[in-house]
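The sequence and the coordinates are shown first.

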Amino acid sequence: MPVISYREALRAAMREELQRDEKVVLMGEEVAQFNGAYKVTEGLLKEFGPKRVVDTPISEAGFIGLGIGASMLGIRPVMELMFWSFSYVAFDQIVNNAGNIRYMSGGLINCPIVIRGPANGGTNVGATHSHTPEAILASHPGIKVVCPATPYDAKGLMKAAIRDNDPVYVMENTILYNDKGEVPDEDYIVPLGVADVKRTGTDLTIVAHGRAVITSLKAAEILEQEHGVSVEVVDLRSIRPLDEETVLASVRKTHRVLLVEENKPFCGVDAQVAYLIQSKAFDELDAPIHRVSSIDAPQIYCKRLEDQQLPNPARVVAEALKVLA
Amino acid sequence: MAKPAVLTHPESLKRPAGPSEYAKHPVNAALSKKEKVALYTKMARIRHFEQRCIRVYQQGKIGGFLHLYVGQEAVAAGTISLLGKHDHLITGYRDHGHALMVGMGMNECMAELTGKVTGCSQGKGGSMHYFAPDKNYWGGHGIVGGQAPLGTGLAYAVKYMGLKGSCLAYMGDGAVNQGAVHEAYNLAALWDLPVIFVVENNGYSMGTSQERSTAHPGCLAKRAEGYGMDWDVINGHDVYEVRAKTSEALKRAHEESRPTVLEIFTYRYYGHSMADPDKTYRDKEEIKEYREQKDPVFLFEKELLAEKVLTPEQVQAINEAAMAEADEAAAFADASPDPTVADITKHIYWEEDNRGPQTTSRGTIIFE
Ligand SMILES: Cc1ncc(C[n+]2csc(CCOP(=O)(O)OP(=O)(O)O)c2C)c(N)n1
Ligand SMILES: [Mg+2]
């Protein structure tokens, strides 16, 4: 199977969908002539031309809203946000319009739009550019949110998102863009709402999404090597819809749970997952659920400190040992 | 794409750069020799500070984004040199020039870039988020256009307090397409606020030329007309012209409490940020032409040499001193410590940092 990067996997998904469906349009700042601020859309203008791959001004509320409007008439826009942090200037469009129109029209209208871009800290760019809004957005019924952690999932989830008839927000990660992995050339999708057990184990379940999965896999290796602990890592992949059964099955197997995510702790994705586990598998638990999130503060600029603020393998190992104690 | 019928450029930009036509404007004529030398010195300091930043970045000591102001110095220098006690300013992420102009030190600025606790924001803000409220400098803002309403609000506060002052709100040519900017324009005009929107038009927003980003029949400043605001266009390579025309906007703010949009034509020599390879969207020739023929620091130097305000020896001494100062700032940043993990959760809430009998709220506010 070809080994390609997370970035190339996203690009492959968009290219295949542009080929498959004429209604698919890519839009965003610098996506066309500049080939993308992070080169995710590199070469697509050349291949598909300016009708399908469109540069926008720095007007997120305007062009995201425009994309939502176009989707109401059946266009399938795939909108790039240079950073999900910039979605905040388009919040009304993203939440109030895309999220509510189907409901308020009694099901008459739907918004098959994809909004994608990186949503991560860890790149030394300070508080305004380091937001991770998956929990905020997933808290709105009407919206779907996915967070791929690997190249395989990036391609499969992106394709599923583009074919989906609801608004799907894809949160990528600039730190993962260069990660490589096996990705089939052929058409496949990763359905929204299906978690993936990225590592099997028997003593502890770690539930994570996005780059926290990669961090957790590193921590699992250390726990195995240095502490003889067998860790299962469940990658949610999709935040809403959420694959409750895969999480619960793992809990029934290991009876101990650590939740890891790069969000700030207050009402993170882990809050929902912890509620799920205690409500549907309370008797399975041999210890309280613990979590590792980002230290609760706006993102610090200083890189050395930001690496401490985010979950890292050392913090995950330390917290895992508490759950196992 | 619709092309503008006529570009409204400042008259002086249509001719090859020569001696400034604005040298005799009252605000410039009023400058003493010493003040002129000080202005030149500040421009040279901005230039050398940023060129030193490039090296620190290349050494891997600055990460993230670093947006350089090199080429645009006359904009910050000209406008800020006019400001008085009740005049405030706020800008975007290309904020180092403004910082040095208001009197922030190279040390605190450099240490911020390397994330040290001795930085102006204690290593918490970085390059895009410098602040010095004691110098009426309200940042340093990373979200394009987000500062425009804030600047309007600063002007509102100045007026509310009955002070004769203003706020200069700077933004780029790409920022004018943010909704927040238009909402700010409307509020400023509707409520007669003493704000001056300074559009630093360097021709590009990242890799997008201004023509590709903006529908504009003429120039960006002209959008002011839609809101009944005054506007002007300025040659940003000539610090005297910047001062002359900005002084009129300031007068309007101070005396009539009316807003203005100033579009200042300028140019950045380096990529959008250090991360931009700057290879695809503009000609090397174009950069060369600006550097060689319109360099604002060099043009002012020529001006002052011709006026006999400066001698070549003084020019050399000023530049050497600025370079030495930048070297010292780099050494200072190197020698400074990082913030600590405990520092991460400081400065989030005023109340948490000022717990005492006067604080009233209860409950958990920082979560584990
Ligand atoms: C809301 C928002 N969208 C996008 C960005 C990314 N971005 C940062 S600077 C920039 C270009 C701005 O160009 P311009 O306004 O001309 O200012 P210049 O960089 O030329 O000084 C872009 C797109 C951002 N910081 N904020
Ligand atoms: Mg610009």
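## Magnesium site in chain B

The model is predicted. In it, the magnesium ion (ligand 2) has three protein residues around it: Asp173(B) through OD, Asn202(B) through OD1 and Tyr204(B) through O, at 2.1 Å. Along the chain, these donors follow the spacing D-x28-N-x1-Y. Asp173(B) sits in the loop between strand 2 (166–172) and helix 7 (179–190) of chain B, while Tyr204(B) belongs to strand 4 (residues 204–205) of chain B, so the pair ties together parts that are 31 residues apart in sequence.

Two of the coordinating residues can be described by their accessibility. Asp173(B) has a relative accessible area of 1% and is buried. Tyr204(B), at 11%, is also buried, because the cut-off for this class is under 20%.

## Interface between chains A and B

The size of an interface is often given as the accessible area lost when the parts come together. For chain B and chain A the buried area is about 3000 Å², and carbon and sulfur atoms give 63% of this area. On the side of chain B, Ile143(B), Ile344(B) and Phe367(B) supply 20% of the area that the chain buries against chain A, more than any other three residues.

In terms of contacts, 35 residues of chain A are in contact with 42 residues of chain B.

## Second largest pocket

The second largest pocket holds about 380 Å³ of space. It is lined by 16 residues, and those closest to its centre come from both chains: Ala127(A) and Pro298(A), together with Lys124(B), Gly125(B) and His347(B). By residue class, the lining of this pocket consists of seven nonpolar, seven polar and two charged residues.

## Enclosed cavities

How many cavities of 30 Å³ or more are there? The count comes to four. The largest cavity has a volume of about 110 Å³. Its lining is made up of 13 residues, of which Ala119(A), Glu134(A), Asn173(A), Gly210(A) and Arg211(A) are the closest to the centre.

Strand 7 (168–172) and helix 7 (211–227) of chain A are the elements that give two or more residues to the lining of the largest cavity. The residues of this lining divide into five nonpolar, four polar and four charged.

Note on methods. Residues numbered from 1 in each chain as written. Chains lettered and ligands numbered in written order. Predicted model: local features only at pLDDT ≥ 70, side-chain atom pairs only at ≥ 80, totals over all residues. Heavy atoms only, no water. Donors = N, O, S within 2.8 Å, 3.2 Å for Na, K, Ca; no water. Helix = DSSP H or I, 4+ residues; strand = E, 2+ residues; numbered from the N terminus. Buried < 20%, exposed > 50% of the residue type's maximum accessible area, 1.4 Å probe, protein only. 1 Å grid on protein atoms, 1.4 Å probe; cavity = no way out; pocket = protein on both sides within 12 Å on 5 of 7 lines; lining within 4 Å. Points joined across faces, edges and corners; volume = space filled by probe spheres on them. Nonpolar A, V, L, I, M, F, W, Y, C, P; charged D, E, K, R; others polar. Contact = heavy atoms within 4.5 Å. Buried area = accessible area lost by both parts, 1.4 Å probe.
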